[in-house]
Amino acid sequence: MDRAFQRTKVLTGHLLQSPPTSSFQTPSLSSNACLNYSPPELSEKYAFDINDMRKLMDGHDLEERDRLFGMITQSKVFNPRVRGGKVFVSPDYNQSMEQQREMTWKRIEYLFERGVFQGWLTGEGEEVEMRRFACFEVLGLFDHSISIKLGVHFFLWGGAIQFFGTKHHHDKWLRDTENYLIKGCFAMTELGHGSNVRGIETITTYDSNTGEFVINTPCESAQKYWIGGAANHATHTIVFSQLNINGTNQGVHALIAQIRDADGNVCPNIRIADCGHKIGLNGVDNGRIWFDNVRVPRENLLNSVADVSPDGKYLSAIKDPDQRFAAFLAPLTAGRVNIAVNAVYQSKVGLAIAIRYALTRRAFSLKPKEPEVLLLDYPSHQRRLLPLLAKTYAMSFGANYLKMLYVKRTPQSNKIIHVISSSFKATFTWSNMQILQECREACGGQGLKTENRVGHLKAEHDVQSTFEGDNNILMQQVSKALFAEYMAAQKPNKAFKGLGLEHMNKPCPVIPSRLTTTTLRCSQFQMDVLCLRERDLLNRFVAEVSQCQAKGESKEHAFIMSYQLAEDLGKAFSDRAILQTFVEAEATLAACSLKDVLGMLRSLYALNCLEDGAYLRYGYLSVENAATVRREITKICSELRPHALALVSSFGIPDAFLSPIAFNWIDANSWSSAQH
Amino acid sequence: MSSSVSSQHDQVLVEENSFARILTLNRPKQLNALSFQMISRLLELFLAYEEDPNVKLVILKGKGRAFCAGGDVVAVVHDIWAGGWRAGANFFMKEFSLNYLMATYSKPQVSILNGIVMGGGNGVSMHGRFRVATENSVFAMPETALGLFPDVGASYFLSRLPGFFGEYVGLTGARLDGAEMLACGLATHFVPSAKLPMVEAALCDADSSDPVIISSIIDQYCEKPSLKEQTVYNRLDVIDRCFSQRTVEEILSALEREVVDQRDGWIFATIQTLKKASPTSLKISLRSIRVGRVQGVGACLAREYRMVCHVMRGEFSKDFFEGCRAMLLDKDKNPKWEPSKLEHIADTTIDRYFSKVKDEDWEDLKPPTRSKFNLPPYVIAKL
């Protein structure tokens, strides 16, 4: 009866919506029992210089990055909002798709007016390209839509003109593109063909009477699909189509076509429709395009690879249609590098937020009246987040290596860039989704709020595993490339060279029968054990494919049938290649506390790779050793725990680009802050 | 019931009330320029008040027509001549520690800026919770004309002004009046000077450290000042376009482009000011404000301490001594900067101002530890 009365009183209080009066409060509910936010900086110590670590992570153009960070936080266009006494910048994802698109464009205009894009297409050299990467990384930390919208204009449209065009295209288009006098897009994908670009159905013929090409969309499955920028803004596009000259199909070629006039009206013979609302990335206006006898001048063929003479003769320097086609995919490499690098930065945002939250949020006391335990002091929480932190560090070194590989490219290195960028793009974007999901869950209910970013970033970046090369297809290509390397190395007087496969020339590494802490933390052992898996899987893959071929099946069929080994091999290659970049980066440092912490991260990354099912499936590790590895992982996690804050602070992401739960989440959620 | 506990000769006058402490900077002839003695005294008082449960808030003001015209740079220069650069470093170490203490203070500080507030004067006011401007307020950070750079945590508070106003104010040393200070957020309140005694009396009666309550007390005496017709605050678009540029050289050429577009006295004067300032100062100041944008107040002060030590050592440039000679000692207003041109200064030279000082006994600034206090949210947000 007492209980019922008490309950009625409580309910009445709720219904009357009056603030609780003191008569309702029992002594244990007095104000000193309230939780206080204490910034993690006050209790955590930095064992190394986080600026030095940031230099190592970001690698280049730190000043340029900070300038751009500043430019974003200082402008109303980037939607600054105050929460818990701090300013946060992030798009308003509650806006309609149309509003988000408009804001993305306004932000680009703002940056353009301040000269951010100067030299992005007209400048030359490694420095310009690295600076461009840095800007992209910063903008990507603000919002995926703005970086994709810029990526389409500069890397796909601009890149296609740079790579496929010749001097007169460069002169005519690059400066105007950089100055946004025109807005470009890139029409490759069709409704019926995505990854298989060679199968696209759009057709271009040549009319020698007028000296024009004529572009057509012959059927609904040939409509261009997902074309970023096409729905609202783009004035020009690169069109990929089958080039049919005098009845002979010469394969896929690229031309320039105008799709809108300067006032934004769609050009005659062009039809454009919207792709509609998406699960994320709604600040990008993806559209669909149909071509109805669209005529473009002969000069609009991007002719670095092949040309058509005024009288309609097909001319090409590359005779082999396979190679000709491969040359057309070059600009996608730059996009892939960007995506891979961007994925790592998103993981950094997720981890910085989740770890900062875990350093300030408590749950459950071990004994009555004791303070509750910090989330990150739970070994289980460490085990969830810290291996992902180690992986993000590893991927960061991988990303820096990939960027250097790209900017120092030569015709000879094209194959390596293709394989590494495919492998890293797939691995980093998949990892990113996994990391963001774990971080979201680690933030509990707070992770569900859009303003806290982590959960929302999943939707924004889901597309990364699909665009610019479907991850599964990219990984298949990696395995196929490794197969080809293997075959080439079997020829007399040939050995493995490049892609880090040199270890295949050496005798097979031996794994000690009993693993100890010392062994497990030794980089040589870690390399050996990852090489062992790669080596064995490559041998198995080649054997299985050859066996299938021996039965009279085609190589293509054999690849399709050996998909499981192909997947395992692709993963083994990526893990090993990433570890290698980590080890190389570490080797450049003199002994110091920073290097010690990196060593722990490297060990955690490597040992976590050993948790892959392949190690037990193929017997590289005994059951006992697998258990030892597992124990060692928890040990390293607890050793890294004191460095957690320093490690996420070293990401160099300004507070404004994180979210309210990364800071004073109590104040950010106070009653008074809800009143305005 | 106030009781005076200091003599008229003290450089800091202390007035104790039941809940408030009123500190008055008392070197009116020197426009209350901060001496080492004043800084030490303020540090001592602020530390004591934080521990004293009877003190709820601290009011800081200046005697005479200035709040505070800055650090006593002339004394610092004499000290360096007499005792080497370390004497100067000591001064700044103490001053920046005071700035950090104020920035992270657990009780509200109300600074009454009824007059000149420049350089170091901003260091002892802008970091506090409330800054009250009046019709007599004159704000400036004029360090680049002295061969120094906006220090005392300016890379924190200037970089947080709207758009690129902070770069403009920090590089040109532009003067702002009370209305402009309020508009850009340097001041939190504007009270006509005639009403100041009433504000003080009301604050002394407030038995609270709650910033919301303190703010509403000051609000009762506030007026909404109107910006003067020619205010720079209406030039924010031009300021944003020009001062967002990457380098000082690019800022200058952006300003020069604007002059061509519109014959404008203000832009012309801005260009002239920049051309008169120390080129080295301009470059390190710009870098400092840019980096400051993404740092907490502690990191800002630590970086500025490194920079100021390099300036004192005069290893890369002696502009600070030349600036003090020309502006404060000989007063010929004609400093000979060395290097004399922006293009003569390599980025690597600028980098060195931000590096650790290579001297065995030198240490980075270690601001007072703050963890033992239960910091209010507005302080936590600054860390």
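Predicted model: local features only at pLDDT ≥ 70, side-chain atom pairs only at ≥ 80, totals over all residues.

Modeller: Gladly! Let's begin with P339(B), which sits in the loop joining helix 15 (319-329) to helix 16 (347-353) of chain B (DSSP runs: helices are H or I with at least four residues, strands E with at least two, numbered from the N terminus). Residues are numbered from 1 along each chain as written, with chains lettered from A and ligands numbered from 1 in written order.

Staying in chain B, helix 10 (residues 236-243) packs on helix 12 (residues 265-276) at an angle of about 35°, the axes being 12 Å apart (lines fitted to C-alpha atoms over the stretch in contact, with angles from 0 to 180 degrees between N-to-C directions). Helix 10 of chain B brings V238(B), I239(B) and F243(B) to this contact, and helix 12 of chain B answers with W266(B), I267(B), T270(B) and L274(B) (heavy atoms within 4.5 Å). By class, six residues of this contact are nonpolar, one is polar and none is charged (Ala, Val, Leu, Ile, Met, Phe, Trp, Tyr, Cys and Pro are nonpolar; Asp, Glu, Lys and Arg charged; the others, Gly among them, polar).

Now to where the chains meet. Chain A contributes 24 residues to the contact and chain B 21 residues. Between them about 2000 Å² is buried, 52% of it from carbon and sulfur atoms (accessible area lost on being put together, 1.4 Å probe, summed over both parts). On the chain A side, R67(A), Q74(A) and R114(A) give 31% of the area buried against chain B, more than any other three residues.

Two salt bridges are found across this interface (a Lys or Arg side-chain nitrogen within 4 Å of an Asp or Glu carboxyl oxygen). E64(A) and R246(B) meet in a salt bridge, 2.7 Å from N to O. Helix 4 (residues 62-73) of chain A supplies eight residues, the largest share of the side of chain A that touches chain B. That side comprises seven nonpolar, eight polar and nine charged residues.

Over all chains, the structure holds 64 salt bridges. In one of these, R54(A) pairs with D66(A), with the closest N and O atoms 3.1 Å apart. This pair links distant parts of the chain, from helix 3 (residues 50-58) to helix 4 of chain A, twelve residues apart.

One last stop: W226(A), in strand 6 (residues 224-228) of chain A, has phi near 65°, a positive value in a residue other than glycine.

Definitions and conventions: Heavy atoms only, no water. Buried area = accessible area lost by both parts, 1.4 Å probe.
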